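Please keep the sequence and structure at hand while reading.

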Amino acid sequence: MTSLIAVPADGPLFEGHFPGRPILPGIAELALVADALSPVEAEGSVSAIPFARFRGVVLPGDRLEVDSSPRAQGGVRFEVKRAGEVVANGAMTFGDPRARESTAVAMASRATRGAPPIDELIPHRPPMLFVDRILGEADDGLTCLARIPGACALVTRGSTPAFVGLEAAAQAAAVWEALARSRATGGPSARTGYLVSLRDVVLYRPTLPADADLIVSIRLVATAPPLTTYAVDAAVYGELALRGTIGTYLTG
């Protein structure tokens with residue numbers, strides 16, 4: 001099956017990502033794909049993302065073709081192309097959220113001192129700036145307080161797909177990297193990074209409420225600059241909302 005997606009030439013999907021250089025967030029691209037491929041009976045709910053790779057930057061006004069084929073257990077494999085070039089591919093599963101195997105959430109507990117403001121560490125701006133502050137750090141990661149603003153274009157009727165929390169995790173990873181750079185250089189050094197891959201993502205609820213406290217933790221798994229891999233989880237209202245692995249790419 002082939003579906004067509006017309007990316008808007010401007011508008012709220014690009015607000016805050018990034019000022020002066022609008023780029024469609026990878027998580028917004030995934031939301032557009034999910035909307036295009038969701039079976040009616042699943043009501044648009046993604047329950048798992050076995051893997052996804054964002055291979056090219058999507059810009060305002062791009063026209064995308066999504067080729068898809070079914071997988072077992074309510075899954076679908078997809079490939080996103082622009083003028084024949086693959087810009088993303090992956091697989092997602094629709095249906096009820098996974099039952100929680102455990103309510104345990106990873107937390108980095110060491111107090112952070114002398115950290116620059118978040119908006120000096122990463123280039124995101126509202127309404128695509130999800131990370132609010134650092135709650136704690138560790139040698140291999142950190143925990144942040146994040147919120148999905150109600151003004152974000154990915155929010156509808158007060159909630160957003162639970163996988164949007166992965167963007168908060170990617171921003172937390174960018175904060176951790178920038179914090180390390182600021183300590184090494186003696187000052188903040190915001191650089192543009194991209195979410196480039198997802199793996200073994202499990203969603204424990206269909207949506208996240210807008211403007212609610214989201215506790216996001218990231219832990220370094222592997223690094224081969226400019227690529228870095230993190231294990232992530234996020235909790236809302238004290239309950240695990242998602243868990244998985246993300247890959248990021250740091251420019252410059």
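Strands β3 (residues 63-71) and β4 (residues 75-82) form an antiparallel pair with seven bridges. Across that pair, V66 faces V80 of β4. The model is a predicted one.

**The sheet**
- β3 and β4 belong to an open sheet of eleven strands, ordered β1-β3-β4-β5-β2-β9-β13-β12-β11-β7-β6, with antiparallel pairing.
- At the edges are β1 (2-6) and β6 (131-138), each of which pairs on one side only.
- On average, neighbouring strands are turned by 25° against each other, direction ignored.

**Strand β2 and its partners**
- β2 spans residues 46-54, and seven of its nine residues are buried.
- β2 pairs with β5 (residues 85-94) through six antiparallel bridges. R53 has N89 of β5 as its bridge partner.
- β2 also pairs with β9 (residues 193-203), here through five antiparallel bridges. I49 is bridged to V201 of β9.

**V86**
- V86 sits in β5.
- Its relative accessible area is 25%, so V86 counts as partly exposed, the range between 20% and 50%.
- Beyond residues up to four places away in sequence, V86 touches R55, E79, V80 and K81.
- V86 and V66 are 20 residues apart along the chain, and their C-alpha atoms are separated by 9.6 Å.

**Helices across the strands**
- Helix α1 (residues 26-37) lies across β1, β2, β3, β4, β5 and β9, at about 60° to β5.
- Helix α3 (residues 165-185) lies across several strands, including β2, β9 and β11 (214-224), and runs at about 60° to β11.

Conventions: Residues numbered from 1 in each chain as written. Predicted model: local features only at pLDDT ≥ 70, side-chain atom pairs only at ≥ 80, totals over all residues. Heavy atoms only, no water. Buried < 20%, exposed > 50% of the residue type's maximum accessible area, 1.4 Å probe, protein only. Helix = DSSP H or I, 4+ residues; strand = E, 2+ residues; numbered from the N terminus. Pairing = 2+ DSSP bridges. Contact = heavy atoms within 4.5 Å. Axes fitted to C-alpha atoms, helices over the stretch in contact; angles between N-to-C directions.
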